[in-house]
Amino acid sequence: MSAEFILGHYNYWVVIVLMMAGLYVVVSRGNLVKKIIGLNIFQTSVFLLYISMGKVRGGTAPIEIEGTGVIYSNPLPHVLILTAIVVGVATTAVGLAIIVRIREAYGTIEEDEILKIDHILDFGEGAQD
Amino acid sequence: MIIWTPELALVLSLIIPLLGSGLIVLADKSPNRREFVTLATAVLLFLDILYLLVAVVAGARPSFEVLEVIPPLAVAFQIEPLGMLFAVVASGLWIVNSIYSIGYMRGTNEPHQTRFYVCFAVAIGSAIAIAFAANMFTLFIFYEVLTLSTYPLVIHKGTEAARKGGRVYLGILLGTSIGFLLIAVIWTWFVAGTLDFTPGGILAGKVDEALVPLLLALYVFGIGKAALMPFHRWLPAAMVAPTPVSALLHAGAVVKAGVFAVLKVVVYIFGIDYLSMTGASQWLIWVAAASILIASIIAITKDNLKARLAYSTVSQLSYVTLGAALATSMGVIGGGMQIAMHAMGKITLFMCAGSIYVATRKTEISDMAGLGRVMPWTFIAFLLGALSIIGLPPMGGAWSKFVLIAAAADTGDLIIIGVLMLSSLLNVGYLLPLVVRGFFTPVPAAALGSAATYAPGSAIKEAPLLCVLPPLATGIGCIILFFFAEPIYRFIESITSP
Amino acid sequence: MFANLSPHLAPLQVVIPLIAAPLSLFLRNATAAWLFALVATWSAFVIACLLLVQVLDQGVLSYALGGWPPPWGIEYRLDAANAPVLVIVSGIGAAVMTYARQGILAEIEKHNQVLFFPVFLLALAGLLGVTITGDAFNLFVFLEISSLSTYVLVSLGANRDKRALSAAISYLIAGTIGATFFVIGIGLLYMATGTLNIMDLAMRIADMGDSRLVRAAFAFIIVGIGLKLALFPLHLWLPNAYTFAPSAVTVFIAATSTKVAVYVLMRFVFTVFGTRFDFQELTLSYLFLPLALVGMFVPSIVAVFQTNVKRLLAYSSIAQIGYMLLGLSFATIAGLTAASIHLFNHALMKGALFMAVGAVALRMGSTDIDAFTGLGRKMPWTMAAFVAGGLSLIGLPLTVGFVSKWLLIEAAFASGQWWIAGFVVMSSLIAVIYVWRVVELAYLHDTPEHVNVTEAPASVLVPMWGLVLANFYFGINAQFTTSVARRAAEALLGVFP
C-alpha cells in the first residue's frame, strides 16, 4: 500500500467513500426523502466508477477529430452511464411519487412513525410491541 | 365384436370404478338410481376381476403401460398372484359392503351420501390400481390417491371430532409417505436404475449391506397404511368415520393396500433371498411381534367396540408384516393368506358393530349386555368373524395363522411362535366377551347408557335386513375360506418360485 | 407477411408490449385499454411459443439489434435455458391480463384504472427483455424497467390498504440497492474483460482464470441478484409486497419476477463465470447450499403462523425459491434440471393459488384466513382450484409439484448428499400444515350467517382453471417439460464445461 498506489487510485477511494456514505444514509436516516437522497448518492458513486474507468491515459474526449494516432478515452462507459443516470432519475421520480402518496395516506414520512402505524394495522389497536 | 383378452380386462378393471364414480355423481338426485349404479359398478368390477383370476391362475400375466410421467418412469400395470389376490378381496368385499352401506346409510339417515359413494368408488379404484401396479412408482402414485380419496370418507360426519380424526389420519399417512416412503423409492430408483417389480428383487448388489436395513425401515414405516407401530395412530383416529367406511377401508382396502405394498416391496424390490441373505429384516420381526402384542393388549382395555376392533386390526396387520419379515417363501405366503382371511373376518366384525349402532345407537361394549338375544343373527355373524380372527378351525383364519407358525418354526424363531400363540389368547380375551355378554348375560334391570331398554318385545330389534345379511355372508365366507386355503396357498406360492 | 416477420420475432417479443404500453395510455376507457393490453399480452405469448419451438429445433438463436454484430452490438440470444422462461413469463402475463379485469375494477381507484395497463405492459416488457437479452448491461436496463414498473404496480394496492405504499417504498429501496450492486458487478467485469456481451464475457473469463477483480464482480452480482430473487436473508421486502399489492399484480409478480431473477443467477453463475472458476465451487457449496436449506425451512415454518392467506403464500414462495436454489447449488445437470423445471412448475402452482385467493378477495373483500370459512360450498370452483394448487405445493403425485420434488431429491442423491432429501421432504410436510389449515376452514366449516357470496365470474375462473389444468397435465405427462429442462441445464453447464 505505497503512497503512489493510494494516490494513483484516488478515483476508487472517492467511489468507495460515496458508496458507503450513500448506503449509510439509506440505512440510518428515518426520513424517506433522505433515504432517496442516500440512494442517489449511492448511485452517483457507481457513475463515477464507470466514467473514471473509461479514462485512457493521455486520451482525449471520445469525439472524433482529424488526424492519426489520436488516443481517445473509452466512450462506452459514458454511454452506459447516461443510461444509468436515466434509470436513477426514474427511480428517484417513482420513489418521490410514492413518498407523496405516503404523506397523503399516513400523514408522515418518518420511517419509525410509519412502522408504528403499520404495526397497529397489522395487529390491531392497543398492540404496543 | 370385442375380443376379450386379459389385457382388455385389466384396462377395464381400472376404468370401471372411475366411470362408476362419475355416474354416481350424475345420479345424485335419485338415491335409488345412485345405489343401483354403485352396486352395478361393484358387480361389473368383480366379474371382470374374476375373469382375470381365471386367466392368471392359468398362468397369464397381462400388463399394459399408460404413459411415461417422468421419463423413463411410467405408470404401468402388470398382474401377478399377490396383486390378483388383493384385487379379488377388494372387489368382492366392495359388493358386500355396498349392500351393507345402503342399509346403514339409510338406517342412520346420514347426509352427503353421494359424496360417500363417489369417494368409495374412487378409493376402490385406487386399491385395484395398487394391486395391479407394475412398478413402485405407479404404486406410490395410487397409494397417495387412496389417502386423499379416503379423507372425505373419514371426516364424513363433519363434527369437530371428525375433523380431528381427519387431521391425524392425513397427518400420519402423508407424513410417513412423503417423509419416508418417497425417499425410499427415489433411493431405490437411484441405486437400482429401475422401479419395476421383478421376481428376485432389483437391489441385489446395488446397496451397501449396512444400509439395507435402513432402506427396509424407510419402506416399512413409510407404508403407514400397514399400521406398524408406532405409526398406527391413524387407524383408531379414523374410527370417527361411519362404520361402512371402517368396514371396507380399514378392515379391507386401505389397510390391505398397506400390507400388500409391504409384501410387494419384500418380494419384488428386495427379493426374499436377498433379504434372508443380508438378514436385513431381523429387526422387523421383533418390531412386528411387539406391534402384535402391544396392540392386542391395548384392544383389551378399550370399551368402545370400534376402537377395540381398530387395535385388533393393527395387531392382525402386523401378522402380515411379520410374515414378510421372516424372509422366507412360507412367511410371505402366510402373509398373503392373512390378507384374505383377515379381510373376510374383520369386515364381518365391523359390519356387526355397525348393525348394533344402527339398531340401538350403542357403541360401548359394557352397554351391550344381553343384546345377543334380541339381535341373534348379528351376534352369530360376530362369533364367526371372531373365531376366524382368533384362528380356530373351521375358520379361514386358522390356516393363515398355521402357515405363519410353520414359517416361524422353519426359521427357528421359536419365540415368534410363542408370540403368535399368545396373540390368539389375547384375541379371545378381547373378542369373545362381547359374544358371551350378548348371549349369556341377563338383561340389566335398569337401562344403562342409552335410552331404550331391551326387554323382549321392546323397541330394539334386529338390524335392518340389508345390515344383517352381509355380515352373515362374510361370516360364512370365513368358513368357506377354510376349505379353499390350499388353492390360495398354491396360488401365492407361484410367486416365490418363478 | 409472417414470413417477413419471423426472423424478427426475437426483438418483437419485447417491442410489442413495450410499444403497447404508451399506446394504451391514449385509450381513455379502461375496458378499451384492457382489450388492447389483452391482445398485446397474448401476442407476446404466441411469439414466445414460436421462439421456443424454433430454439428446440435449431439450437441457439441469435439476433443482432440494429444489425450491429456481437460482441460490439447488443445481441438477443435464445437458447434452451431462456426460451422456456419467455414462455412462462408471457404465458402468465396473458393469463393475468385475462384474469385482471374484475380485480382491477374492484381494487384500483377509477381514475387510476386506465394507468394500470401501461405499467403492467412495461413490467412484462422489462421481464421479457431481461430473459431474452445477451448483453449484460442491457439486462440491467430491462431489469430496472421491470422493477420500477413493479414498484408502481405494488403501490396501486393503496386503494384497498395503505400499507401497500410502505411495502412499495421498501421494495423500491431494496430493489434499487440490488440493481445498483448488480451494475457495479457488471462494471467490474467490464473493467476486467472489456466486453459486455454475455457469451464473450464467458469466454474471456474462462481464459483469464482467477483474479480478485472477477471475484469482486461475482460477489456484487450475486448479492444484487439475490436481493431480486428474495434469497434468504435478502427476502424481507417480499411478504409485504405480495400481500398488499392488488391481487392480479401478486399473481403476476409471484409467478414471474423471482423466476426471471433465478434465471439471471443461473446464467451468470454457470455461463458467465463457468464452473472453471474456482471461487464458484466454494460459493455454491458453502453459501448457496446452506442458504437454500434455511430458505426452504424457515419461511415454511413462518407461513404456518400467518393469518393472511396472501402472506402465507408469500412465505411459501420464498421457500419454493429455496428449492430452486438448492437445485442450482448442486451444479450438476440433474440439479439444474430440477431447478429449471421448478421455475416452470412453481409459476403454474403459485399462479393458480394466488388467482384463487384473488377471487376470494374479489367476493369477500379480504384475504384473511377467516374469510375462507365455508367457501368450499359457496365458491366451489375457486376453492377446488386452491386445493389443486395446494396439493401441488405439497408435492402429491399427478401434480407438477411432485415432478419437481422427485427430480430435486434425485439430484440430491446423485450429488452424494442424500441427507438433503430429508430437508426437502420436511419442508413439504410443513406445507401440508399450512395448506390444510385453509382447506379445512373452507370445507369443514359453514359460512357465517351474514355472508352471502357467489362464485367468481367467468373471466376470473377461466384463466385460474387453465393454470390448474396445466398443473395436472404437466404433472401427469412431464415428458416435454423434463426434456426441455434437461436441455436448459445442458445449455447452461455445457457451454464452457
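Reader: How much area do chain A and chain C bury between them?

Author: This is a predicted model, and in it 36 residues of chain A are in contact with 30 residues of chain C. Carbon and sulfur atoms account for 80% of the area that the two chains bury between them. That buried area comes to about 2,900 Å².

Reader: Which element of chain A gives the largest share of the side that touches chain C?

Author: The elements that give two or more residues to this side of chain A are helix 2 (10–28), helix 3 (32–54), helix 4 (76–106) and helix 5 (111–123). By class, the side has 27 nonpolar, five polar and four charged residues. The largest share, 16 residues, comes from helix 4 of chain A.

Reader: Which side chains meet in a salt bridge between chain B and chain C?

Author: The contact between these chains takes 29 residues from chain B and 30 residues from chain C, and the area buried is about 2,700 Å². Across this interface the rule finds seven residue pairs in polar contact, both at pLDDT 80 or more, and one salt bridge. That salt bridge, at 2.6 Å from N to O, joins the side chains of Glu440(C) and Arg167(B).

Reader: Which element of chain B gives the most to the side that touches chain C?

Author: Strand 1 (63–70), helix 5 (136–154) and helix 6 (160–192) of chain B are the elements that give two or more residues to this side. By class, the side has 23 nonpolar, two polar and four charged residues. The element that gives the most, with 14 residues, is helix 6 of chain B.

Reader: Why does Arg308(B) have no salt bridge?

Author: Arg308(B) is found in helix 12 (residues 305–325) of chain B, and its side chain is buried. A salt bridge needs a side-chain nitrogen of Lys or Arg within 4 Å of a carboxyl oxygen of Asp or Glu. The nearest side chain of opposite charge, Asp303(B), is beyond that cut-off, so no salt bridge is counted, the distance being 5.2 Å.

Reader: Which backbone oxygens lie 3.3 Å from a polar atom of the side chain of Arg308(B)?

Author: Leaving aside neighbours within four places in sequence, Arg308(B) is in contact with Ala299(B), Ile300(B), Lys302(B), Ile365(B) and Tyr430(B). Two of these residues place a backbone oxygen 3.3 Å from a polar atom of the Arg308(B) side chain, and they are Ala299(B) and Ile300(B).

Reader: At the start of helix 8 of chain C, which backbone nitrogen does a side-chain oxygen of Asn197(C) reach?

Author: Helix 8 of chain C covers residues 198–208, and its buried residues include Ile198(C), Met199(C) and Asp200(C). The side-chain oxygen of Asn197(C) reaches to within 3.0 Å of the backbone nitrogen of Met199(C).

How values were computed
Residues numbered from 1 in each chain as written. Chains lettered and ligands numbered in written order. Predicted model: local features only at pLDDT ≥ 70, side-chain atom pairs only at ≥ 80, totals over all residues. Heavy atoms only, no water. Helix = DSSP H or I, 4+ residues; strand = E, 2+ residues; numbered from the N terminus. Buried < 20%, exposed > 50% of the residue type's maximum accessible area, 1.4 Å probe, protein only. Lys, Arg positive; Asp, Glu negative; His and termini not counted. Polar contact = N/O pair within 3.5 Å; in protein donor to acceptor, adjacent residues only side chain to side chain. Contact = heavy atoms within 4.5 Å. Buried area = accessible area lost by both parts, 1.4 Å probe. Nonpolar A, V, L, I, M, F, W, Y, C, P; charged D, E, K, R; others polar.
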